[in-house]
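Me: I would like to go through this model with you. Please start with a single residue and then widen the view.

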Amino acid sequence: MISASLYRNQIKQHQMTTPKNPEITVVVTIDSPIDQAFNYIAPINLMHIFRGNAMIPAIVDTSVKAGWNKAGLQRTVYFADGSTSQESLLTVNAPTSFSYKNEHFTSKVLSALLKRLEGEWLFTDLGSNQTRIEWTYRAVPANFLARLMVELVLMKTVRTMLTDALAIIKNDLESGQLENGTTWK
């Protein structure tokens, strides 16, 4: 098993070796079996975990709600400011990983900054009904100038967004209160 400080150093080194695509990874250990964690998170209600912040508005709906569990699926994500993005589910390897991308942002700010955002979830069974979750977001900037804004501003906002979402997920799974993450209103 890799220590947390060594893992963070590896992430920092990886960030430095991918200059065109800034990325961040947030990690949490959840008291939940890996199958339950994966089956809750992969198709989770995005409105429940993405509540918005100063730069990225809350998600208010998606065009596909149920059955978001097969590589190749696509959906439109609707934001509180009226903008949208297109999300594609790239891989699903239950219960250990899935990945996706968001692109074609209609938000003036996000479309000026990004070609796309790529997300990847990795689940590790730690035994004793504990699961380690690593969630990585990779930004593909629209151009060199946008890259500076992405690195200096957007990725900090994304880190906060992911950390907040993981806190909600951790609370849901550990409390057994899964309804808000699995139902769409």
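**A serine and its surroundings**

Reply: With a relative accessible area of 0%, S85 is buried; buried means under 20% relative accessible area, exposed over 50% and partly exposed in between (1.4 Å probe, protein chains only). This is a predicted model, in which local features need pLDDT of at least 70 and side-chain atom pairs count only at pLDDT 80 or more, while totals for chains, interfaces and linings use all residues. Residues are numbered from 1 along each chain as its sequence is written, and side-chain values use heavy atoms, with hydrogens and water left out.

Me: Where is S85 placed, and what does its side chain make a polar contact with?

Reply: S85 is in strand β4, residues 84–93; helices (H or I, at least four residues) and strands (E, at least two) are DSSP runs, numbered from the N terminus. Its side chain makes a polar contact with the side chain of N102 at 3.1 Å. A polar contact is a pair of N or O atoms within 3.5 Å; within protein, one must be able to donate a hydrogen and the other to accept it, and residues adjacent in sequence count only if both atoms are side-chain atoms.

Me: Which residues does S85 touch?

Reply: Leaving aside residues up to four places away in sequence, S85 touches R75, T76, V77, F79, N102, E103, H104 and F105, where contact means heavy atoms within 4.5 Å.

Me: Now E118: buried or exposed?

Reply: E118 counts as buried because its relative accessibility is 18%. The residue sits in strand β6 (residues 114–127), and its side chain makes a polar contact with the side chain of R116 at 2.7 Å. Among the residues that E118 touches are Y100, K101, T136 and V140.

Me: Which residues form the nonpolar patch on the surface?

Reply: The patch consists of F144, L145, L148, M149, L152 and V153, with about 590 Å² of accessible area together. Accessible areas come from the Shrake-Rupley method with a 1.4 Å probe; for residues, only the protein chains shown count as cover. L148 lies in helix α5 (residues 144–175) and counts as partly exposed because its relative accessibility is 34%.

Me: And the whole chain: how many helices and strands are there?

Reply: The protein chain has 6 helices and 7 strands, in the order α-β-α-α-β-β-β-β-α-β-β-α-α along the sequence. Of its 185 residues, 43% are buried. The chain exposes about 9,500 Å², of which carbon and sulfur atoms supply 54%.

Key:
Patches are made of residues with over 30% relative accessible area and no salt bridge: like charges are joined within 9 Å, nonpolar side chains (Val, Leu, Ile, Met, Phe, Trp, Tyr) within 5 Å. A salt bridge is a side-chain nitrogen of Lys or Arg within 4 Å of a carboxyl oxygen of Asp or Glu.
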